[in-house]
Amino acid sequence: MLKRAQALFLRLLSPVIALAIAGNVSAESATRQLNMPQGVTEVSQAAYDIHMIMMWICTVIGVAVFGFMFYVMYAHRKSRGAVAANFHENHVVELIWTIVPALILIVMAIPATTALLKVYDTENADIDIKVTGYQWKWQYEYIGEGVKYMSELRTSQDEIYGRAPKGEHYLREVTEPLVIPTGKKVRFLITGNDVIHSWWVPDFGVKRDAVPGLFTAAWAKTDVPGTYVGECTELCGIGHAFMPVVVEVKEEADYNEWLAGKKAEAAEYASTIGKEWTFDELMVRGEEVYERSCAGCHQSDGNGITGVFPALKDSPIALGAKEGHIAVLIDGVAGTSMQSFADQLSEVDIAAVVHYERNAWGNDVGDITQPIDVLNYKQGQ
Amino acid sequence: MAHGPATLADGWGKYISRWVFTTNHKDIGTLYLWFSFAMFIMGGAFAMIIRAELFQPGMQLIKPEFFNQMTTMHGLVMVFGAIMPAFVGLANWLIPMMIGAPDMALPRMNNLSFWILPFAFAILTSTLFMEGGGPNFGWTFYAPLSTTYAPDTVNYFIFGVHIMGASSIMGSINIIATVMNMRAPGMTYMKMPLFVWTWVITAFLLVAVMPVLAGAVTMMLMDINFGTSFFDAAGGGDPVLFQHIFWFFGHPEVYIIILPAFGVVSQIIPTFSRKPLFGYSSMVYATAAIAFLSFVVWAHHMFTVGMPIAGELYFMYATMLIAVPTGVKVFNWITTMYRGSLTFETPMLFSIAFVILFTFGGFTGMMLSIAAADMQYHDTYFVVAHFHYVMVAGAVFSGTAAVYYWLPKWCGRMYDETMGKVQFWIAFIGFNITFMPQHFLGLAGMPRRYADYGLQFADWNMVSSIGAFMYGGAQILFLFNVIRTIGWGKPTDDPKVWEGAEGLEWTLPTPAPYHTFATPPKIK
């Protein structure tokens, strides 16, 4: 008991301790960041600079104003024998403290405008990437390259619900990050598929809402390879906290290699689609896909959330004809938050997850759904 | 006095009828204040659930679905149920007494505007127990999350918002009518106490923007049930249109909340400085300027939505301008204290904390107005910290100050000063422990409305939660102190109560009789 109390006490103190040892540049203290990151692009640097300018101006004004106020509170208290004066107007002072702040604002508007012009300088990009927000994942499409894939949270539901220890990259890891090269101006064209999301990479200074029916543009150009983590910053439903953005910046040669690999992957995939999968192979893959793409709403145990997300366990669709089940995934259900997964999951993944849903949690249909069934359904449309 | 109010001694039936059918501004003020305190406790309970879940990373107590309902309901209940009715309650109690009027101009409408409120909130909170749960799309209810993707209970939410809007509009019309028509002879506009001035301006804002909110929710209702596509891109509508409409209401709304708070503080600081308010007329003009600016800055809530750069620049410049009149107010309050004879009773402590913390929130507001930096701040905990500094340390602190300041006048009993001061310090420290770390969280990259977060945010979230529980505890003490005062406080019949108090309400007997100023007072 005493040990636990001690541990808790230390945890409570840890931010204070972290501040005290802020000079120590370990990975530990880097995670306890207090200020806006400077980031690795011109835009993030501009945002940081104007942020610091504003903060210092506010600090100076704050120290002066509050300093005077505390002096008044000390010096003019009744208990020290202060007798109230009776003035209540002074036009000169009042004019001064109207005009001086206005002048400060005008001066501040200059760097603020310059910084904003930089943010909006999206012309002449070398690479265009379309970013689409889905509930609750991101899709990246390299325009003109034929490369398109989904990027989803990799952290397991078990970690989130405390059934397994949380990993080092808890909620900061995705199935496939966005990859961009160093030294190239990359333009992001951002839109949403269902509700509004917002794509944020703090180290790029890029935050744009992903609004359905609207494209917004942002850009980044950096020379610093590395992995940069961001978040979705517009409330988008129950998975809002569970759709991080991860961007990997690679040297140009590595990037080209990666891009060629992605293209080959797409070609290779086309050949596996006709493969015959076994019952157990599909169950294993299906569970993976389910946990990643379905469990957020329908829950790991298939019970859904009453009144919002229907249960799949014992559901007429999961127990009914295979084609009907595939149709729900391919077409979605109009007027509900069940979206179409046709663009989000591959035929193999759709087959696997349909198979899994028909044969898990006591759903015991016993049939096998092959990728070719999904392809047939798609082509039959 | 012709007749007094029914008390419990007349039997429960009469006592309840008195409150249900009352047209007396003091009774209605009391009803508003108790209602708002009940809502404050409820919204506070929602906040405690939120902070308990965020105490540690991972989902421990509730699911994300319920978490979203809690953040939404916390915002709605606090803004529409706690803060706004609290200031309407103060207006009801004080405006007639401050301008020498016998009552509000439209007493029956006054009764109606209060009594529809409990129904609005019963409808709203009942959704928490329905299939599908309560509203889960944030208090800003952006479409299409609040339309196509909302639970069916959203219709109850819309109905509830309509009723609240009707209540606010009626309350405001009443205040405008009262101030325009019922001032005692000689009470010219420029002699009115600043609390009255701030409320008149607030009332005009309310009358202007509540119909806009009603329009927004009606369009939602049409989109959800009648096949229109105002906010649905697939049908030719525009989700961004919703945000423009919402914030055209929403930005004046935040000044609706803060202007009466300015008024309260402008009454209290002179009293405990024993010196008249500095720069009265510039205070009035500054309030009007803030109200005007509030209509033309709304899209600064939407800097990341992808507006053209001309729009961004305009909204940035206009927003920065707000600092000028707000600065004038802060300088005036401090100069009022300068060369005064200061004492630090509980209402003064809360008012001074208001000035400091509100100004702090104003600084972060100025930082947020810079569009390029806002791209990093937007929708993070930095924003959460900013608006809690102006809403809680602003509106709630000034409301608390007001209750302590006028309670002795209302009930003829003094509150316990020590308990009040203890409450103040717990609230002040708890508040800062809660919200100061949220600035760091936001700058380090934690978005708002997150049910769960990465390990790098764990420490400050824990600190913030502990502060929140502390601040919550202070409110229990507040409730206890108020009840103790009304029931068992030390009786007082000093009309002035406070040595430095000025104004018509302090010329009335203490406790204030049920009917006051049946004949108008003479104003020098």
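1. In what order do the five strands of the open sheet in chain A stand? The order is β3-β2-β1-β5-β8, with mixed pairing. Note that the model is predicted.

2. The edges of this sheet belong to β3 (147-151) and β8 (216-220) of chain A. Each has a single partner strand, so one side of each lacks a neighbour in the sheet. From one strand to the next, the twist averages 25°.

3. Within chain A, F188(A) stands opposite A218(A), a residue of β8(A).

4. Now the packing. The largest nonpolar core counts 244 residues. Those with the most contacts inside it are I83(B), L145(B), V196(B), A353(B), F354(B) and A372(B). Domain 1 (42-80 + 87-119) and domain 2 (127-270) of chain A both contribute residues, so this core lies between them.

5. I83(B) deserves a look. Leaving out residues up to four places away in sequence, I83(B) touches M78(B), I257(B), A395(B) and V396(B).

6. There is also a second, separate core, of 22 residues. Among its members are V289(A), Y290(A), I350(A) and A351(A).

7. Finally, the contact between the chains. Chain B brings 85 residues to it and chain A brings 83 residues. On the chain B side, helix α11 (residues 323-337) gives the most, with eight residues. The residues on that side of chain B split into 52 nonpolar, 22 polar and 11 charged.

Note on methods: Residues numbered from 1 in each chain as written. Chains lettered and ligands numbered in written order. Predicted model: local features only at pLDDT ≥ 70, side-chain atom pairs only at ≥ 80, totals over all residues. Contact = placed C-beta atoms within 7 Å. Helix = DSSP H or I, 4+ residues; strand = E, 2+ residues; numbered from the N terminus. Nonpolar A, V, L, I, M, F, W, Y, C, P; charged D, E, K, R; others polar. Core = buried A, V, L, I, M, F, W, Y, C linked by C-beta atoms within 7 Å. Buried ≥ 20, exposed ≤ 12 C-beta atoms within 10 Å, placed from the backbone. Domains from an automatic or database assignment. Pairing = 2+ DSSP bridges. Axes fitted to C-alpha atoms, helices over the stretch in contact; angles between N-to-C directions.
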